[in-house]
Amino acid sequence: MNRNLYLTLTLLASLLVPTQLVRATPRTLDIYFIDVEGGAATLIVTPLGESLLIDSGFPGDRDPARIAHVARDVAGLSQIDHYVTTHWHRDHLGGIPTLARLIPVKHYYDHGLPATLTPDIQPELLEAYRQTVQNNAVVLKPGDVIKLRPPVKYLPPLQVRVLAAGGVVLGEKTASPQIRPCGPNFQAVAEDKTDNANSIGFLLSFGNFKFFDGGDLTWNVENRLVCPKNLPGPVDVYQVDHHGVDNSNNPALIRGLKPRVAIINNGPRKGGEARTFATLKAEAEAVYQLHRNVQTTANDNAPADFVANDLEECKGDFIKLSVAADGKSYTVEIPARKISRSYRTR
């Protein structure tokens, strides 16, 4: 064959290969911990590009703008496919009406609208949520799985399963008491009558990787998650309950989770409290914070390289976690600091 003709045919074949024979490079599972100044907004983007947002921060323009920026400009999303409100407090619920005007939101989930309002729930925020979802929200119960696109052959299984919702944990009856003695070191606190105790808590699994997010679950319900049965089991990453305050983060839960990495979505003057930080530090390989707690000492905060926002007046920098396509390792990154660290899954 003529050498020039051979080279031409080889070149043409190489141009055809990407569209016909080569499988797309597998993408990571990405989790963005967005700074909403002591509220909550956690954006999960699957390897197939499907998105799940957990909570939406405070009412107003700041938090929806930060979430929309990360979703569109950083994660490259054109919509939020699934949105979960873990419970009816303003720092978790407040941003969604404005956010839904900034970027389309397709599916809504919650633990059910309250039959009667308690003092900790603001009626105007609940009404704004009703107007936004237009009666199309799905009520999640323990054991439910949020339906995501089925994985392709070359990706490990991905599942988001609800372990707690409406004050009930998986395997319990609806009428279960909040305080249930269990475990050798059982210690209860006063019954929590706020909606924190009703938070949706879920376990995300992707191959070997496990991530637990309990919203603002509090001490007594946390104990029931791990006793008599450890429902989540050991996890790789724990989004610290209730922004790291001390009336949550029961040591029994943290011992049961045995997190390799803990990430606190705190504010400069909210959450990341000293007792919780000490408990996490004793159990986890690394503790990250969205903010340095300006009310405690350096010993009660993570090292500077593990804190996204050091100053109280900040730009709202986020933390990004990326799980490898095989589910066997993950990287935690603070992009604004150009710092990242990698970990192996269990």
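**Figure 1. Contacts of K141 in the predicted model.** K141 touches V162 and A165, leaving aside residues up to four places away in sequence. Contact here means heavy atoms within 4.5 Å. K141 sits in the loop between β6 and β7. Helices (H or I, at least four residues) and strands (E, at least two) are DSSP runs, numbered from the N terminus. K141 and S199 are 58 residues apart in sequence and 11 Å apart in space, C-alpha to C-alpha. The model is predicted, so local features need pLDDT of at least 70 and side-chain atom pairs count only at pLDDT 80 or more, while totals for chains, interfaces and linings use all residues. Residues are numbered from 1 along each chain as its sequence is written, and side-chain values use heavy atoms, with hydrogens and water left out.

**Figure 2. The open sheet of nine strands.** The strand order is β6-β5-β4-β3-β2-β1-β15-β16-β17, with mixed pairing. Two strands pair if DSSP finds at least two bridges between them. β6 (137-139) and β17 (339-344) stand at the edges. Each has a single partner strand, so one side of each is left without a neighbour in the sheet. Neighbouring strands are turned by 20° against each other on average, direction ignored. Axes are lines fitted to C-alpha atoms, for helices over the stretch in contact, and angles run from 0 to 180 degrees between N-to-C directions.

Figure 3. Strand β2 (residues 42-45) and strand β3 (residues 51-54) run antiparallel and are joined by four bridges. L43 stands opposite L53 in β3. Strands of a sheet pair through backbone hydrogen bonds, either parallel or antiparallel. Helix α5 (residues 123-133) lies across β4 (80-84), β5 (105-110) and β6. Its direction is at about 135° to β5.

**Figure 4. Strand β7 and its partners β8 and β9.** β7 (residues 158-165) pairs with β9 (residues 201-206) in the antiparallel sense over six bridges. In β9, S205 is the bridge partner of Q159. β7 also pairs with β8 (residues 168-169), again antiparallel, over two bridges. Here A164 stands opposite V169 in β8. The hairpin of β7 and β8 has two residues between the strands, and G166 takes a positive phi near 65° there.

Figure 5. Most residues other than glycine have a negative phi, and most peptide bonds are trans. Where does the chain carry a cis peptide bond with omega near 10°? The bond from C227 to P228 is cis. P228 lies in the loop between α6 (219-226) and β11 (237-239). K258 has a positive phi near 45°. The loop that holds K258 runs between α7 (251-257) and β12 (261-264). K258 is partly exposed, with a relative accessible area of 43%. K338 has a positive phi near 55°. K338 belongs to the loop between β16 (329-334) and β17. At 76% relative accessibility, K338 is exposed. Buried means under 20% relative accessible area, exposed over 50%, and partly exposed in between (1.4 Å probe, protein chains only).

Figure 6. Y288 lies in strand β13 (residues 286-291). Buried or exposed, with a relative accessible area of 1%? Y288 is buried. Residues touched by Y288 include V261, A262, I263 and I264, as well as F306 and I319, not counting residues up to four places away in sequence. V332, I334, R341 and Y343 are also on that list. Y288 and F306 are 18 residues apart in sequence and 4.9 Å apart in space, C-alpha to C-alpha.

**Figure 7. The whole chain, for context.** The protein chain has eight helices and 17 strands. Its C-alpha atoms fill a box of roughly 85 × 45 × 45 Å along the principal axes. Of the 346 residues, 52% count as buried. The mean pLDDT (the predictor's confidence in each residue, from 0 to 100) is 93, and 93% of residues reach 70 or more. Over residues 5-23 the pLDDT is below 50. Beyond near neighbours in sequence, this stretch has four contacts in the model.
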